[in-house]
Amino acid sequence: MKKPDGTVRNLLSPRTFIGTMILVGLSLTVAGCKPDESPLKIENETLRKQLAKQESVITSLQDGNKVMQQQIDLLNRELRDAKKETDRVEAERRAMASMLGAKVEENKTLTAEAQHMAAKKAQAVPVLRVEDKGGQSEELPQPLASVSKAAEEALSRNGYTVKVSFKTDQKAVYATERKVSAPASLEVPGFRNQYLLSLQTLPSKGTKLSVKADFEKMAQGGRMLAASAEETAEIEQRLIAEISKALATPNKL
């Protein structure tokens with residue numbers, strides 16, 4: 001306020017003035033010393049965002065590593081299972097190879113035995129084919145198996161022992177031991193006989209029976225006399241009749 005003389009009158013007391021000046025000074029000092037926090041905040045926020053992003057990337061990588069490890073574990077398990085299966089198959093293969101080797105050796109043995117038997121039968125073939133031509137034959141309606149069984153029964157019933165026999169699904173051959181019958185008396189000669197039987201399956205499923213007899217008569221003193229064709233044919237027909245008789249009574253076969 002101006003004084004009447006034109007000077008300005010101090011309205012503040014000295015103490016108030018000093019206090020006011022101190023406050024103004026402090027305010028200016030504080031205002032001058034306060035740093036500018038805006039760049040730091042921006043940088044901190046940027047770092048915070050980068051850290052969050054890196055943490056997200058790390059988390060993603062960790063999750064990926066877990067999935068990858070799971071896949072690796074699965075592959076390892078599958079590899080172990082595949083190895084076990086391979087080992088099992090290999091063991092089975094070795095077992096089969098061993099079994100096959102044993103079968104091969106067994107077949108070799110059987111083949112050798114079969115060849116040996118074939119050789120023995122081949123040696124018997126000339127005996128079976130001796131005078132195989134001629135004789136008496138008859139076609140029977142029964143199958144080969146039934147006629148073979150009836151022939152064996154008829155030969156046995158009449159005292160003939162089968163020396164050699166050969167059978168297949170289509171054919172059978174029997175050769176008997178030579179049977180000798182002593183004369184019943186000085187006037188009536190006995191005989192000496194051997195049979196060769198051949199059985200062959202017919203297209204009609206029946207059987208053709210052929211009988212060949214090597215028949216000789218025994219004379220006094222043990223001399224052998226040749227039998228006539230009629231006598232030989234009669235002996236052959238008798239065996240055919242015996243076989244037919246056996247076939248007529250199948251319950252005895």
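User: Which exposed residues does helix 3 carry on the face turned away from its buried side?

Analyst: That face of helix 3 carries Ala145 and Ser156. Exposed means a relative accessible area over 50%, buried means under 20%, and partly exposed lies in between, with a 1.4 Å probe and protein chains only. This is a predicted model, where local features need pLDDT of at least 70, side-chain atom pairs count only at pLDDT 80 or more, and totals for chains, interfaces and linings use all residues. Residues are numbered from 1 along each chain as its sequence is written, and side-chain values use heavy atoms, with hydrogens and water left out.

User: How do you know that the buried residues of helix 3 are on the same side?

Analyst: The buried residues are Leu144, Val147, Ser148, Ala150, Ala151, Ala154 and Leu155. They cover an arc of only 165 degrees around the axis, so they lie on the same side of helix 3; the arc is that of the directions from the helix axis to the C-beta atoms. An α-helix has 3.6 residues a turn, so residues three or four places apart point the same way.

User: What do the buried residues of helix 3 pack against?

Analyst: They pack against strands 1 (136-140), 2, 3, 6 and 7, and against helix 4 (229-248). Contact here means heavy atoms within 4.5 Å.

User: How do you know that the span of helix 3 agrees with its 14 residues?

Analyst: The expected span is 1.5 Å times one less than the number of residues. For residues 144-157 that gives 20 Å, and the end C-alpha atoms are 20 Å apart, so the two agree. Helices (H or I, at least four residues) and strands (E, at least two) are DSSP runs, numbered from the N terminus. Helix 3 is followed by Gly159, with a positive phi near 85 degrees.

User: What makes Lys205 exposed?

Analyst: Its relative accessible area is 63%, so Lys205 passes the cut-off for exposed. Lys205 lies in the loop between strand 6 (195-201) and strand 7 (207-213). Its phi is near 75 degrees, a positive value in a residue other than glycine.

User: Why do strand 2 and strand 3 count as paired?

Analyst: Two strands pair if DSSP finds at least two bridges between them. Strand 2 (residues 162-167) and strand 3 (residues 171-176) are joined by five and run antiparallel, so they meet the rule. Val164 stands opposite Ala175, and the two strands form a hairpin with three residues between them.

User: Which strands pair with strand 5?

Analyst: Strand 4 (residues 179-181) is joined to strand 5 (residues 190-193) by three antiparallel bridges, with Lys179 opposite Asn193. Strand 8 (residues 216-218) also pairs with strand 5 in the antiparallel sense over three bridges; there, Glu216 is the bridge partner of Arg192.

User: What makes a set of residues a nonpolar core, and which members of the largest one touch the most others?

Analyst: The set must consist of buried Ala, Val, Leu, Ile, Met, Phe, Trp, Tyr and Cys residues joined through side-chain atoms within 4.5 Å. The largest has 24 residues, and Tyr195, Leu197, Leu199, Leu209, Val211, Leu239 and Ile243 touch the most other members. Two or more residues come from each of helix 3, strand 3, strand 6, strand 7 and helix 4. Not counting residues up to four places away in sequence, Tyr195 touches residues including Leu155, Tyr174, Val211 and Leu239.
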